[in-house]
There are 2 protein chains.
Amino acid sequence: MNAVAPTFLPLYRQIKDLVLRSLEGGEWKPGEAIPSELELAARYRVSQGTVRKAIDELAGENLLVRRQGRGTYVATHSEPREEFRFLRLAPDEGEPGPYESRAFECRRGRASVEAARILDLRPGDAIIGIRRVLLFGGRPTVLEDIVLPGTIFKGLTADRLAEHPGSIYHLYETEFGTRMIRADEKLRAAAADASAATRLGVPAGTPLLSVERVAFTYGDRPVEWRRGLYRTDQHYYRNVLS
Amino acid sequence: MNAVAPTFLPLYRQIKDLVLRSLEGGEWKPGEAIPSELELAARYRVSQGTVRKAIDELAGENLLVRRQGRGTYVATHSEPREEFRFLRLAPDEGEPGPYESRAFECRRGRASVEAARILDLRPGDAIIGIRRVLLFGGRPTVLEDIVLPGTIFKGLTADRLAEHPGSIYHLYETEFGTRMIRADEKLRAAAADASAATRLGVPAGTPLLSVERVAFTYGDRPVEWRRGLYRTDQHYYRNVLS
DNA sequence: CAGTGGTCTAGACCACCAA
DNA sequence: TGGTGGTCTAGACCACTGC
């Protein structure tokens with residue numbers, strides 16, 4: 001928006017961009033190790049310290065994971081520590097536990113004007129719509145509507161959703177080569193309508209937490225739009241202000 | 001909790017702790033500049049690079065602010081950029097604007113068992129309870145109950161709240177020498193009870209966003225507990241997952 | 001033991017700001 | 001113009017991992 005053109009781009013920033021391009025292009029895949037700092041320094045003709053600073057920033061943005069004595073790895077949504085990075089629901093009592101996802105709808109459609117604006121498409125472009133419920137301890141707790149660009153996620157069906165273990169972002173990553181790296185959320189309180197009430201097993205009118213999310217992949221490209229309705233009678237949405 | 005005793009404490013970590021102690025002890029006050037990197041390097045008998053890494057971390061935690069060509073400053077809640085770090089309410093249309101705070105209650109009391117647990121006090125210890133409404137564009141939007149330890153905030157009255165411009169954290173900082181550096185929040189959806197409905201000018205039963213916060217000062221000491229009820233018909237709570 | 005990331009240093013130079 | 005933070009280098013050594 002109001003970004004000022006930098007008068008000067010430090011070397012380590014340029015190196016960071018080069019590494020980013022390799023990540024984006026799939027030269028190193030999620031879960032794999034990238035070359036050692038000394039190798040990268042030789043490749044780019046800079047000192048180890050400069051590579052180090054570039055990698056530091058990428059690790060800070062959760063794109064890479066450093067492991068002392070072993071190497072630096074491309075982050076992946078299959079790691080347990082990533083499991084609750086994008087799902088900030090915690091139970092009132094005890095630790096966040098496993099959940100079950102039940103997708104009850106998955107169909108192709110056309111982007112509305114709003115969906116097109118948000119996902120940077122044109123109205124009428126192919127999209128895929130998913131509706132699902134998340135169950136914690138067998139209890140329906142989250143009802144979600146997910147909208148995806150059809151071109152990227154072509155071939156995504158309810159069956160493939162059901163087959164796939166783990167988080168949906170893990171599926172995006174392994175099956176469609178699209179890694180989510182950041183998301184913006186807008187939270188509101190809303191009353192359950194008849195449909196949501198039925199799906200979540202609460203009376204109509206029950207206050208629910210409405211969570212609208214736009215998720216981005218490399219280069220700040222929006223590739224997922226979803227709206228969730230959360231029951232918050234036995235869970236809460238946790239956040240840290242720092 | 002399950003932190004492993006580090007077998008080895010890097011030098012820059014020790015320097016960081018020393019700087020932290022000076023901040024905590026008030027050697028450098030909010031808004032002031034701390035000594036230059038070279039001065040600190042001389043004081044602690046380490047290289048500039050080591051001081052640099054320590055300061056980098058403190059700046060990353062929003063305790064210090066670097067300003068190229070000028071120096072490094074102690075962060076303060078009086079800066080505009082801090083204004084919305086702890087208030088994540090944004091209007092549906094337009095940019096976050098100024099708001100007005102009306103404290104309609106401010107009284108001394110005794111800590112309940114729950115308040116004592118959360119604020120690390122003993123039940124019956126002195127506390128101060130504040131109730132206030134935040135107005136955006138003249139419209140009541142947030143209703144908050146704030147609980148503070150009486151020993152730290154002795155002498156806080158409704159008048160002083162009313163006199164003070166800017167955010168309440170700015171007041172804590174300037175009047176009571178207590179700087180908030182981090183907060184945990186738990187979000188839920190709740191229905192407006194009669195009292196909240198009146199204060200916020202909505203029908204009873206209206207879904208509201210419930211935000212419970214525990215805020216911490218240096219050393220992870222909890223010093224504020226509050227619960228807010230947010231109208232979300234023209235505003236939303238923004239969050240970034242990264 | 002070899003290889004990786006992590007720390008620390010000393011010094012040079014650059015970009016930015018205030019006076 | 002001097003002082004501050006910001007970048008970059010080269011090299012030494014330490015801590016951790018896996019073979």
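Buried area is the accessible area (1.4 Å probe) that two parts lose on being put together, summed over both. The legends below describe a predicted model, in which local features need pLDDT of at least 70, side-chain atom pairs count only at pLDDT 80 or more, and totals for chains, interfaces and linings use all residues. Residues are numbered from 1 along each chain as its sequence is written, chains are lettered from A and ligands numbered from 1 in the order in which they are written, and side-chain values use heavy atoms, with hydrogens and water left out.

**View 1. The interface between chain B and chain A.** Between chain B and chain A about 2,500 Å² is buried, and carbon and sulfur atoms give 52% of this area. On the chain B side, the residues that lose the most area to chain A are B:Arg188, B:Asn239 and B:Leu241, together 27% of what that side buries. Contact (heavy atoms within 4.5 Å) links 30 residues of chain B with 30 residues of chain A.

**View 2. A salt bridge between B:Asp92 and A:Arg188.** The N to O distance between these two side chains is 2.2 Å. A salt bridge requires a side-chain nitrogen of Lys or Arg within 4 Å of a carboxyl oxygen of Asp or Glu. Chain B and chain A have two salt bridges between them.

**View 3. The two domains of chain A.** Domain bounds come from an automatic or database domain assignment, which gives domain 1 (11–74) and domain 2 (80–237). Their C-alpha centres are 31 Å apart. Six residues of domain 1 of chain A touch seven residues of domain 2 of chain A. The two domains bury about 640 Å² between them, 59% of it on carbon and sulfur atoms. A:Glu24, A:Asn62 and A:Leu63 supply 63% of the area that domain 1 buries against domain 2, more than any other three residues. Zero salt bridges are counted between these domains.

**View 4. The largest pocket.** A pocket is an open set of points on a 1 Å grid over the protein atoms alone, where a 1.4 Å probe fits, with protein on both sides within 12 Å along at least five of seven lines; lining residues have an atom within 4 Å of a point. The largest pocket holds about 860 Å³ of space, a volume being the space filled by probe spheres set on the grid points, which are joined across faces, edges and corners. Of its 24 lining residues, A:Arg52, A:Lys53, A:Asp56, A:Arg66 and B:Lys53 lie nearest the centre. H3(A) gives the largest share of the lining, seven residues; helices (H or I, at least four residues) are DSSP runs, numbered from the N terminus.

**View 5. The second largest pocket.** This pocket has about 560 Å³ of space. Among its 19 lining residues, A:Asp184, A:Glu185, A:Lys186, B:Tyr236 and B:Arg238 are the closest to its centre.

Key: Helices (H or I, at least four residues) and strands (E, at least two) are DSSP runs, numbered from the N terminus.
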